[in-house]
Amino acid sequence: QVQLVESGGGLVQAGDSLRLSCAASGRTFSTYAMGWFRQAPGKEREFVAAIRSTTGTTTYTNSVKGRFTISRDNAKNTVYLQMNNLKPEDTAVYSCAGLRFGPLTTDQNGYDYWGQGTQVTVSS
């Protein structure tokens, strides 16, 4: 029922910025907690950031704190990930995920819906 589509990835140089978008279908988007995950070649998928549906409370993995910002616009059914001062180690496929029920979590297994991902490549 719920579909998520990411966009905004690309090839950039270290120090550059990108803003990723995740567009969601359905009228219940505003009730979902949303998260961003990433997976680099040869590595496990890791948590990046998440935001609650009502309070707007956010959480980030330590490696992106101070550089990345997650936000949402419920009127547009969209969640964003603003990425500043990108580093080569940020290179990965970034996916958004939605959680219909339950508390905000950094565990990928807690999320119900996933997009296909968008590639972010940061050159040195």
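First, the ground rules. This is a predicted model, where local features need pLDDT of at least 70, side-chain atom pairs count only at pLDDT 80 or more, and totals for chains, interfaces and linings use all residues. Residues are numbered from 1 along each chain as its sequence is written, and side-chain values use heavy atoms, with hydrogens and water left out.

Start with the sulfurs. A disulfide is a pair of cysteine sulfur atoms within 2.5 Å. The count here is one. Cys22 is joined to Cys96, S to S 1.9 Å. Cys22 sits in strand β3 and Cys96 in strand β9, 74 residues apart. Strands are DSSP runs (E, at least two residues), numbered from the N terminus. Cys22 is buried, at 0% relative accessibility. Buried means under 20% relative accessible area, exposed over 50%, partly exposed in between (1.4 Å probe, protein chains only). Cys96 is buried too, also at 0%.

Now the rings. How many aromatic pairs does the structure hold? Five. Rings of Phe, Tyr and Trp (its six-membered ring) pair if their centres lie within 6.5 Å; planes under 30 degrees apart are stacked, over 60 edge-to-face, the rest tilted. Phe37 and Phe47 are edge-to-face, with centres 5.6 Å apart and 75 degrees between planes. Phe37 also pairs with Trp114, tilted, at 5.0 Å and 50 degrees. Phe37 lies in strand β4 and Trp114 in strand β10, so this pair ties together parts 77 residues apart in sequence. Phe37 is buried at 1%, while Trp114 is partly exposed at 29%. Phe37, Phe47, Tyr111 and Trp114 form one aromatic cluster.

Note on methods: Helix = DSSP H or I, 4+ residues; strand = E, 2+ residues; numbered from the N terminus.
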